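This report describes one protein model for a reader who is new to protein structure. Please look over the sequence and the structure before reading on.

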Amino acid sequence: MFYKSKILFSLLALLLSLISLFLSAWIIIPAPNMFLLKLAVGAPEVSPWLLILNVFSLLLSFFWIRQRKIQRLAYIFSCIGLLFCAFVLVNITTTQMQIEQGMKQGLGTNYLDKIPIQVSNKMQPSPFSLINTFRGIPLSKTRHQTGIIFANPAGVALKMEVYQPQAVGKYPALVVIYGGAWQYGNPHANSEFNQYIASRGYTVFAIDYRHAPEYKFPAQLDDINTALNFIRKHAAEYEADSERMILLGRSSGAHLAMLAAYQPNAPSILAVVNYYGPINLTEGYKSPPHPDPINSRAVLKAFIGGSLAEFPQQYKIASPINYVTRSLPPTLLIYGSRDHLVEARFGRQMYERLHNSGNTAVFLEIPWAEHAFDAVFNGVSNQLALYYTERFLAWALFGQ
């Protein structure tokens with residue numbers, strides 16, 4: 001009986017080391033489908049947790065497993081998992097230095113000096129905190145309104161959520177546009193981010209838009225413009241400064257944010273923040289990522305209404321990169337090197353086009369990050385992105 005228990009415990013320890021390795025492996029392995037994409041997105045962001053899990057399984061193997069072959073296998077699994085986790089953790093400092101250099105290159109070496117001290121004091125004090133990884137990024141109380149209908153195009157009630165600081169006042173407006181391949185999502189997405197930013201002195205408007213494939217482009221852009229007009233008209237009701245408006249979007253929402261801000265007759269926008277957004281739909285259709293977990297061409301067909309061969313002009317009109325001229329709002333672009341939905345090369349291409357046209361632009365790349373890395377709010381990548389997004393927003397308001 002005792003022998004059987006030892007065998008059982010040994011197998012359980014081996015299983016734990018195998019599970020630890022499986023979860024950690026997605027830090028390196030690209031996801032071939034949507035189901036596994038969630039693991040590939042989350043694994044790098046929770047790598048400190050996975051590191052502990054691998055260490056625990058390694059120790060468990062040492063104390064519980066007496067069969068040499070099983071023990072050797074468990075050791076190998078745990079050590080490989082540790083190496084995968086180390087890829088993220090040992091590169092945090094180097095990545096932070098590279099990102100800081102990118103900020104200075106885009107905004108000037110003294111960009112932080114232009115931010116008022118009372119604003120700086122409210123920001124995250126460091127780009128990465130191991131404590132915040134485990135306990136979460138602290139969130140302050142804010143005022144939160146939901147279900148605000150701003151339009152009814154084609155009978156579709158479009159709603160927004162508004163996050164405001166606790167104190168009554170007049171605050172810069174940050175308009176947040178969610179992602180979801182233009183097909184799904186809602187204004188409640190990334191609510192932790194919205195609450196966090198509102199507590200730092202912004203009125204945050206999280207807005208909605210109609211979805212493909214039922215509604216094709218440019219319906220989504222029309223809805224964004226309608227929302228912006230609504231916000232300008234009702235700014236006083238929400239203690240927002242309509243003259244100090246910034247757009248921030250994620251993925252397809254970033255695409256719409258750039259289009260709205262870059263249109264020739266667009267009202268004044270102070271700045272645009274683009275988290276891993278598509279910028280060149282024509283090239284994206286011609287050369288999809290590999291692997292391609294969301295079937296990029298099918299997504300683009302649903303959004304535009306057909307293939308590139310059928311609607312080449314629509315693909316061109318829907319690509320933000322084709323609107324780059326002089327005197328565009330300053331733009332922050334944040335991409336992950338391991339993004340297999342919108343590859344980082346597109347963000348770099350956009351940065352170069354903006355920079356060469358004489359516009360202010362910042363391109364930040366996180367080497368271990370997948371698409372939608374900030375879905376884990378206290379994750380490693382989002383801590384870095386949040387730290388520099390805060391500073392970019394403050395610079396856009398006070399440093400230009």
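In which helix is the place of S381? S381 belongs to helix α15, residues 380–398; helices here are DSSP runs of H or I with at least four residues, strands are runs of E with at least two, and both are numbered from the N terminus. The model is predicted, so local features need pLDDT of at least 70 and side-chain atom pairs count only at pLDDT 80 or more, whereas totals for chains, interfaces and linings use all residues. Residues are numbered from 1 along each chain as its sequence is written, and side-chain values use heavy atoms, with hydrogens and water left out.

With a relative accessibility of 0%, S381 counts as buried. In this report, buried means under 20% relative accessible area, exposed means over 50%, and partly exposed lies in between (1.4 Å probe, protein chains only). Leaving aside residues up to four places away in sequence, S381 touches E45, I366, W368, A369 and F373; contact means heavy atoms within 4.5 Å.

P329 is found in the loop between α13 (312–317) and β7. P329 is also buried, its relative accessible area being 10%. Residues up to four places away in sequence again not counted, the contacts of P329 are A261, Y262, I269, L270, A271, V272 and T360. From P329 to A372 there are 43 residues in sequence and 24 Å in space, C-alpha to C-alpha.

**The sheet**

Eight strands form an open sheet with mixed pairing, in the order β1-β2-β4-β3-β5-β6-β7-β8. Two strands are said to pair if DSSP finds at least two bridges between them. The edges are held by β1 (143–151) and β8 (361–366), each of which has a single partner strand, so one side of each is left without a neighbour in the sheet. From one strand to the next the twist averages 20 degrees; for such angles, axes are lines fitted to C-alpha atoms, for helices over the stretch in contact, and values run from 0 to 180 degrees between N-to-C directions.

| Strand pair | Sense | Bridges | Residue pair |
|---|---|---|---|
| β1 and β2 (residues 158–164) | antiparallel | six bridges | H144 and Y163 |

How many residues of strand β5 are buried? Strand β5 (residues 240–250) is mostly covered, with eight of its eleven residues buried. In a regular strand, the side chains alternate between the two faces of the sheet.

**Helices around the sheet**

Together with helix α10 (residues 252–262), β5 and β6 make a right-handed β-α-β unit. A crossover is right-handed if, with the strands pointing away from the viewer, the path from the first strand over the helix to the second runs clockwise.

Helix α12 (residues 296–304) has the buried residues S296, V299, L300, A302, F303 and I304. Among the elements that cover these residues are α9 (219–233), α10, α11 (281–286) and α13. After α12 comes G305, whose phi is positive, near 110 degrees.

**Cysteines**

The structure holds zero disulfides, a disulfide being a pair of cysteine sulfur atoms within 2.5 Å. C79 is in no disulfide, and the nearest cysteine sulfur, that of C85, is 12 Å away. C79 counts as partly exposed because its relative accessibility is 38%. C85 is likewise in no disulfide; its nearest cysteine sulfur, that of C79, is 12 Å away. At 0% relative accessibility, C85 counts as buried.

**Annotations from UniProt**

An unreviewed UniProt entry places the feature "domain: BD-FAE-like" at residues 160–354. UniProt positions are given in the numbering used here, feature names are shortened, and annotations may be inferred rather than shown by experiment. Over residues 160–354 the chain is 34% helix and 20% strand, with the end C-alpha atoms 31 Å apart.

The unreviewed UniProt entry also lists residues 7–29, 49–66 and 73–92 under "transmembrane region". The span of residues 73–92 is 90% helix and 0% strand, and its end C-alpha atoms lie 30 Å apart.
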